[in-house]
Amino acid sequence: MTAAPPPSTTRFAELSADELRARLREALALYVTAMNYPRGTAEQRAPMWLAHMLRAGWRCAAAFDGDGAMVGIGYGYLGAHGQWWHEQVRRGVTERRGAEVADAWMGDYFELTELHVRPDAQGGGIGAELVRLLLAGATSKHVLLSTPEGPSRAWRLYRRLGFVDVLRDYQFTGDPRPFGVLGRELPMA
Ligand SMILES: CC(C)(COP(=O)(O)OP(=O)(O)OC[C@H]1O[C@@H](n2cnc3c(N)ncnc32)[C@H](O)[C@@H]1OP(=O)(O)O)[C@@H](O)C(=O)NCCC(=O)NCCS
């Protein structure tokens, strides 16, 4: 099965932190819609997204439709000791697979933190293109991400892009949902 390419009117761009700050409300609305989260989630997440922009290696890519509306957003940054996600995943990988495996995956990686496409624009290759854009500029050895256990469109996309299991059915502190942590080597071919 091959997805239709994104409409030719779709424009892809890397966003600077200033550019994302200027469109943060729109980006968070897209995120909440794509994830089907309750409305108040956008306000809760704003401080976290703003803090993430200050992290080393932060990169953001977005997609816009012919009218200039944002239809896709993705960002990530360099994983490092002391970050909440890093420590959670490190604990899980160490417990289940040992410290060596944790070191191998987590010594030098880009965390793909967020990736969302507006529901009416999904399935047309926008998500794949955003991942490619984000990772084309990443110089780390690996990329890691977490996503709720599938099957889902996100899982199909990540598998197709060559992501393999790092941890399965993992529970992050404070979230009852099981997550998969997936990773792959960089660069993407
Ligand atoms: C996950 C998400 C970002 C993917 O974005 P997207 O634009 O829908 O993704 P793409 O169109 O690039 O790729 C997904 C689809 O294209 C198909 N596809 C694209 N190119 C393909 C190719 N060359 N060959 C085969 N299949 C291909 C995939 O199999 C998949 O189709 P399907 O889901 O209908 O089976 C988006 O669906 C989304 O926002 N989902 C909700 C939020 C979410 O889960 N975010 C991730 C949280 S970690």
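## Ground rules

Because the model is predicted, local features need pLDDT of at least 70 and side-chain atom pairs count only at pLDDT 80 or more, while totals for chains, interfaces and linings use all residues. Residues are numbered from 1 along each chain as its sequence is written, and side-chain values use heavy atoms, with hydrogens and water left out.

## The sheet

Let's start with the strands. Seven of them make an open sheet with mixed pairing, in the order β1-β2-β3-β4-β5-β7-β6. Strands here are DSSP runs (E, at least two residues), and helices are too (H or I, at least four residues), numbered from the N terminus. Two strands count as paired if DSSP finds at least two bridges between them. At the edges stand β1 (11–15) and β6 (164–170), each with a single partner strand, so one side of each has no neighbour in the sheet. On average, neighbouring strands of this sheet are turned by 20° against each other, direction ignored; the axes behind such angles are lines fitted to C-alpha atoms, for helices over the stretch in contact, and angles run from 0 to 180 degrees between N-to-C directions.

Now for β5 (residues 142–148). It runs parallel to β4, and three bridges join the two. Y109 sits opposite H142 in β5, and E111 sits opposite L144 in β5. Five of the seven residues of β5 are buried, so the strand is largely enclosed by the rest of the structure. Buried means under 20% relative accessible area, exposed means over 50%, and partly exposed is in between (1.4 Å probe, protein chains only).

## Helix α3

Helix α3 covers residues 41–52, twelve in total, and reaches 16 Å from its first C-alpha to its last, close to the 16 Å expected at 1.5 Å a residue (the expected span being 1.5 Å times one less than the number of residues). Its buried residues are T41, A42, A46, W49 and H52. Looking down the axis of α3, these fall within an arc of 135°, so they line one face of the helix; the arc is that of the directions from the helix axis to the C-beta atoms.

The face of α3 turned away from the buried side carries the exposed residues E43, Q44 and P47. The buried residues of α3 pack against α2 (24–35), β3 (70–78) and β4 (109–117), where contact means heavy atoms within 4.5 Å.

## Helix α5 and M106

Helix α5 (residues 99–106) lies across β4, β5, β6 and β7 (179–185), running at about 105° to β5. Buried in α5 are A102, W105 and M106. They cover an arc of only 80° around the axis, which puts them on the same side of α5. Their packing partners are α4 (84–97), β4, β5, β6 and β7.

M106 has a relative accessible area of 5%. Leaving aside neighbours within four places in sequence, M106 is in contact with H86, V89, R90 and L144. The C-alpha atoms of M106 and R90 are 7.5 Å apart, although the two residues are 16 apart along the chain.

## The nonpolar cores

A nonpolar core is a set of buried Ala, Val, Leu, Ile, Met, Phe, Trp, Tyr and Cys residues joined through side-chain atoms within 4.5 Å. The largest one has 25 residues, and L135, Y158 and F163 touch the most other members. The elements giving two or more residues to this core are β2 (59–64), β4, α6 (126–136), β5 and α7 (153–160). Its largest share, six residues, comes from α6.

Apart from that core lies another, of 22 residues, including A13, L24, Y31 and F64.
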